[in-house]
Amino acid sequence: MRAALRRAGAGSWLPRASQPAPRPRCGGTGPAPAPAPRCWSCGSALPGAEGPPLFCPGCRALQPPGPRPDLFRLMACDRSFRVDAQQLQRRFRSLQRAVHPDRFGQRPPEEQYYSEQHSSLINKAYQTLLNPLSRGIYLLELHGMEPAQETDCDADSVFLMEIMEINEKLAESKSDGILEEIDTLIKVKQEELTREVAAAFERDDLQEAKKLLAKMKYFANLKDKLKNKKIPS
């Protein structure tokens, strides 16, 4: 009997009829499900859903951020162009308190590194969603569209003429009064475009939203030029 077992070899000591039959795959050729994520520190199973910075339920070790996190979900916002700036700020502060690198100075090197990654990601998410232009561009990307470019509104000759006139006025201005007028004009135009972009997203007109965001880029560039032009007091 022992000789027969030795001949059968290690790992196959059960009689053939007693060996469990392989389970057929559903669908025949479908890919096997991905293994559940596990804690890098203790090996405990982790919740699979992406979201805020994740701590292991077993050892409370900070886990690395996901490869492509949804910034809206991270900041507990609806995936919408309209956001509550105060709620966004509260969420930002709460997350930073939880993962700021200063809290992990005495933790293992892995957690120190992950805390830096999370802190950087949270900063990026906050800045992206706070600014209407970057928020709109990010929404387009989530819908699978190419980022808005200034050339997207080249067909609007009236708009391009308006931009050219503001640029000329900005280049020729030599007084704070003129610069303040231009600053006010840019703010008014940005507010108008922000409302129009919000309306375009709400009616799912992504092409119109893309054109309007391209116009917003022009005014963002004008704003940067204005900052460099302002005469120190």
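This is a predicted model: local features need pLDDT of at least 70, side-chain atom pairs count only at pLDDT 80 or more; totals for chains, interfaces and linings use all residues.
The protein contains eight helices and zero strands. Read along the sequence, the pattern is accordingly α-α-α-α-α-α-α-α. Of its 233 residues, 29% count as buried. The accessible surface comes to about 15400 Å², and carbon and sulfur atoms account for 52% of that area. Among the contacts with a separation of 6 or more, 60% join residues 24 or more positions apart.

The largest nonpolar core has 47 residues. Within this core, the residues that touch the most other members are Leu 74, Met 75, Val 197, Phe 201, Leu 213 and Phe 219. Two or more core residues come from each of helix H2 (71-74), helix H3 (85-99), helix H4 (109-130), helix H5 (132-142), helix H6 (157-172), helix H7 (176-202) and helix H8 (206-229). H8 gives the largest share, with 10 residues. Phe 219, one of the core residues named above, shows which side chains meet at one position. When residues up to four places away in sequence are not counted, Phe 219 touches Phe 159, Ile 163, Ile 166, Ile 186, Lys 189, Gln 190 and Leu 193.

The pairing of H3 and H4 was examined separately. The axes of these two helices are 10 Å apart, and the helices pack at an angle of about 175 degrees. An angle over 145 degrees counts as roughly antiparallel, and H3 and H4 are therefore roughly antiparallel to each other. On the H3 side, the contact is made by Ala 85, Leu 88, Gln 89, Phe 92, Leu 95, Gln 96 and Val 99. On the H4 side, the contact is made by Ser 115, His 118, Ser 119, Ile 122, Asn 123, Tyr 126, Leu 129 and Leu 130. By class, the contact of H3 with H4 has nine nonpolar residues, six polar residues and no charged residues.

Asn 131 lies in the loop between H4 and H5. The C-alpha atoms of Asn 131 and Ala 85 are 9.6 Å apart in space, although the two residues are 46 residues apart in sequence. Ala 85 is also one of the H3 residues in the contact with H4.

Leu 142 is found in helix H5 and has 28% relative accessibility, so that this residue also counts as partly exposed. Leu 142 is 72 residues from Asp 70 in sequence, and their C-alpha atoms are 8.8 Å apart in space. Apart from neighbours within four places in sequence, Leu 142 is in contact with Phe 72 and Arg 79.

Gln 63 lies in the loop between helix H1 (2-8) and H2. Although Gln 63 is in a loop, its relative accessible area is 3%, and the residue is therefore buried, the limit for this class being under 20%. Residues up to four places away in sequence aside, Gln 63 touches Arg 38, Cys 39, Trp 40, Leu 46, Leu 54, Cys 56, Tyr 114 and His 118. One of these residues, His 118, is also part of the H4 side of the contact with H3. Gln 63 and Glu 110 are 47 residues apart in sequence, with a C-alpha to C-alpha distance of 8.8 Å.

Backbone angles were considered last. Most residues other than glycine have a negative phi. Ala 76 is not a glycine, yet has a positive phi of about 60 degrees. Ala 76 is found in the loop between H2 and H3 and is partly exposed, with a relative accessible area of 41%. Asp 204 has a positive phi near 60 degrees and is likewise a residue other than glycine. Asp 204 lies in the loop between H7 and H8. The relative accessible area of Asp 204 is 62%, so that Asp 204 is exposed, since the exposed class begins over 50%.

Definitions and conventions: Residues are numbered from 1 along each chain as its sequence is written. Side-chain values use heavy atoms; hydrogens and water are left out. A nonpolar core is a set of buried Ala, Val, Leu, Ile, Met, Phe, Trp, Tyr and Cys residues joined through side-chain atoms within 4.5 Å. Buried means under 20% relative accessible area, exposed over 50%, partly exposed in between (1.4 Å probe, protein chains only). Helices (H or I, at least four residues) and strands (E, at least two) are DSSP runs, numbered from the N terminus. Contact means heavy atoms within 4.5 Å. Accessible areas come from the Shrake-Rupley method with a 1.4 Å probe; for residues, only the protein chains shown count as cover. Axes are lines fitted to C-alpha atoms, for helices over the stretch in contact, and angles run from 0 to 180 degrees between N-to-C directions. Angles under 35 degrees count as roughly parallel, over 145 as roughly antiparallel, 65 to 115 as roughly perpendicular and the rest as oblique. Ala, Val, Leu, Ile, Met, Phe, Trp, Tyr, Cys and Pro count as nonpolar, Asp, Glu, Lys and Arg as charged, and the others, Gly among them, as polar.
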